[in-house]
Amino acid sequence: MSDSIIDLANRMFVGPLWPASILICLLVGYTILAIVGLVDLGFDVPEVDLDVPDVGVDLPDGEMISVDADLLQGLGGAAVRWTNFGRIPIVLWGGIFSVAFWGVTYWLWHSFDSARYSPTWLPSTLLSIRNFVIATGITKSVTQPMLGYFVDPPLYDARRMVGGTCEITTSEATPEFGQAKFRTNAAPLLLNVRTDGARIPKGTEVRIVGFEKHKRIYIVTHLPSETAS
């Protein structure tokens, strides 16, 4: 029995298997603590700010995207959001990732990698990065069907948004061009907008007064208080 445990440990804690095995051990320990009631599994989905940047161009079909972040933050947020991290409970995502990471690493190392690479730190680090990427893709595939259970569908539509206010995010909005940020309870939305005749500068709060369904463009105008001033 002890020889079997030692053999398993030797197979688990070698080369690139070290980070994956430590992660799976932490997962097992956390699960045991959760079973006995010492920790909360935390199946609430946290609010994660994963905005993508305002690129300042019209979007022909999907006029609603997250905005208001710098380029690096936006690209990083979009990448993280693609993995579904933060869109389902972190514990569930982390459990699936840990199992995938360990399974991929264990299988690749004992099937292919051990015959080609030495279990030193540099090859192990590079192999771990490769396995991390593979496990992330597997986690994305496994969690994608779960989104419907944890992510509420958007409650906004054109009829509800007409009459609401938004903020111009391009240098200006005109009857020919413009975008605006519409605030929601989650990340804000980027709308393609056209004014009702005026040229409205960036940062101005405007009211949505119409929606062109076929062009997916919102018509905006100055707020009454601004007009009065």
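Which residue stands opposite Lys181 in β3? The points below come to it in turn.

1. Basis. This is a predicted model, in which local features need pLDDT of at least 70 and side-chain atom pairs count only at pLDDT 80 or more, while totals for chains, interfaces and linings use all residues. Residues are numbered from 1 along each chain as its sequence is written, and side-chain values use heavy atoms, with hydrogens and water left out.

2. Strands β1 and β3. Glu167 is the residue opposite Lys181 in β3. Strand β1 covers residues 165-168 and pairs with β3 in the antiparallel sense, over two bridges. Strands here are DSSP runs of E, at least two residues long; helices are runs of H or I, at least four residues long; both are numbered from the N terminus. Two strands pair if DSSP finds at least two bridges between them.

3. Strands β3 and β4. β3 (residues 179-182) also pairs with β4, again antiparallel, over four bridges. The two form a hairpin, with six residues between them. Lys181 stands opposite Leu190 in β4. Ala180 faces Leu191 of β4.

4. Side chains of β3. Gln179 and Lys181 point one way, Ala180 and Phe182 the other. All are buried, meaning under 20% relative accessible area; over 50% is exposed, and in between is partly exposed (1.4 Å probe, protein chains only).

5. Strand β4. Residues 189-195 are mostly covered: seven of seven are buried. Leu189, Leu191, Val193 and Thr195 point one way. Leu190, Asn192 and Arg194 point the other way. β4 also pairs with β7 (residues 217-222), in the parallel sense, over three bridges. There, Thr195 has Val220 as its bridge partner.

6. Helices α2 and α4. Two packed helices are described by the angle between their axes and the distance between the axes. For α2 (residues 17-35) and α4 (residues 90-111), the angle is about 145° and the axes lie 9 Å apart. Axes are lines fitted to C-alpha atoms, for helices over the stretch in contact; angles run from 0 to 180 degrees between N-to-C directions. The crossing is left-handed: the near helix is turned anticlockwise from the far one by less than a right angle, whereas clockwise would be right-handed.

7. The α2 and α4 contact. Contact means heavy atoms within 4.5 Å. Residues of α2 that meet α4 include Leu17, Leu23, Ile24 and Tyr30. On the α4 side, Phe97, Phe101, Trp102 and Trp109 are among them. By class, the contact has 14 nonpolar, five polar and no charged residues. Ala, Val, Leu, Ile, Met, Phe, Trp, Tyr, Cys and Pro count as nonpolar, Asp, Glu, Lys and Arg as charged, and the others, Gly among them, as polar.

8. Ser21. This residue lies in helix α2. Ser21 counts as buried because its relative accessible area is 0%. Leaving aside neighbours within four places in sequence, Ser21 is in contact with Met12, Phe13 and Trp102.

9. Aromatic pairs. The structure holds nine. Rings of Phe, Tyr and Trp (its six-membered ring) pair if their centres lie within 6.5 Å; planes under 30 degrees apart are stacked, over 60 edge-to-face, the rest tilted. Trp107 and Phe112 are edge-to-face, at 5.3 Å centre to centre and 80° between the planes. Phe112 counts as partly exposed because its relative accessibility is 36%. Ring pairs also link Phe85, Trp93, Phe97, Phe101 and Phe132 into a cluster.
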